[in-house]
Amino acid sequence: MGTLNKKVAIVSGSGRGIGREIAIKLASQGAAIVVNDIDEAPAKETVADIEAAGGRAVAVVGSVTEDGFAERFVHTAVDAFGGLDIIVNNAGYTWDSVIQKMTDEQWTAMIDVHLTAPFRILRAAQPVISAAVKAGVAAGEPVPCRKVVNVSSIAGLGGNAGQVNYAAAKAGVTGMTKTLAKEWGRYNVTVNTVAFGVITTRLTAAASDDGTIDVAGRKLKVGVSRQLLDAMETQIPLGRAGTPQEAAGAVYLLTLPESDYISGETLVCGGGFHI
C-alpha cells in the first residue's frame, strides 16, 4: 500500500529524464500513470518499466502542443483508470539565443510548450474534476484532495541570459499556478509549482558536437558547455547538480497527503542555488 494508492496521475513528457522519474516515483507509491512522450519508444519503455515493477500505466504518444492533445491526455486517464487525481505538467525543452538573434519561431515554441500546453491540459481537466466533485458531494462522500504540480525553473524566477523565451514562459507558469490555486480551491485541488535548478539531463549535460534533439522535425542543439557547468556547480551550496530522481522527489512531495494544505506555492529544487 503506497502513499498514492488508488490515485490516477497524468505526467507529460514522461518518456525520458525528469518526467520518466516522476512517473516511476508516483507509480512506485501506488498511482496509476498516463505516460506521455512525443516519441513512441520512450513512452512505451516507461510504461513497460512501471508494469514490470507491478504498477499500472498506459501511454499517450504525441506533442503536448498538438491540437486536441490535452483532451486525449485527460480522457485517457478517465477511460483507462476511472478518474484523475494528479496532474504533472512537465514536458518541455530549451531553444536558446540572445534576444537580438532570437526568431519569432523560437519565442513561440517555448511559450507553446511550457505555458500554452499546460493551460490546455488544465482547461481540459476542469470539467472532469468538477463533475467528480459534484458526484461525490451528491453521494455524501468526502471530497479528496487532488493535486496539480506545474514544472518551472529558476530561470523563470530570476531570468537567465540567453533564455528570454524559456524564462518568460516559466515565469508565466507561476502566474498560472497562483491563479488556478484560487480558482480550484473550491474543488479541494492544490496547485503548486516546482522550479528546478541545475538537474542533470540530456538538456543540461556537457555539450558535444552530436548533442541534439529532434522536435517536430527540427534538430536542436542541447547541452551546456563544460566550463559553464563547472562554474554553476561551484555556486550550488550542495556542490553538485541534482539528479532526475531528486527532481522527481520534489514533485512527489507536493502530491503527498501531508501537502494537502499547501497551494499556490513555488518549491525550488536547486540544491540551494538561485539565479
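## Exercises on charged side chains

Leaving aside residues up to four places away in sequence, Asp 85 touches Lys 6, Lys 7, Val 8, Arg 146 and Lys 147, where contact means heavy atoms within 4.5 Å. This is a predicted model, so local features need pLDDT of at least 70 and side-chain atom pairs count only at pLDDT 80 or more, while totals for chains, interfaces and linings use all residues. Residues are numbered from 1 along each chain as its sequence is written, and side-chain values use heavy atoms, with hydrogens and water left out.

**Exercise 1.** Find the salt-bridge partner of Lys 147 and work out which parts of the chain the pair ties together.

*Solution.* 
- Recall the criterion: a salt bridge is a side-chain nitrogen of Lys or Arg within 4 Å of a carboxyl oxygen of Asp or Glu. A search of the whole structure finds 9 of them.
- The partner of Lys 147 is Asp 260, with the closest N and O atoms 2.6 Å apart.
- Lys 147 lies in strand 5 (residues 146-153) and Asp 260 in the loop between helix 8 (244-253) and strand 9 (266-269), so the pair ties together parts that are 113 residues apart in sequence.
- Lys 147 is buried at 3%, whereas Asp 260 is partly exposed at 34%.

**Exercise 2.** Which residue forms a salt bridge with Asp 49, and which helices hold the two partners?

*Solution.* 
- Asp 49 pairs with Arg 20, their closest N and O atoms being 2.6 Å apart.
- Asp 49 belongs to helix 2 (residues 40-52) and Arg 20 to helix 1 (residues 17-28), so this pair links distant parts of the chain, 29 residues apart.
- With a relative accessible area of 32%, Asp 49 is partly exposed; Arg 20, at 19%, is buried.

Technical notes. Helix = DSSP H or I, 4+ residues; strand = E, 2+ residues; numbered from the N terminus. Buried < 20%, exposed > 50% of the residue type's maximum accessible area, 1.4 Å probe, protein only.
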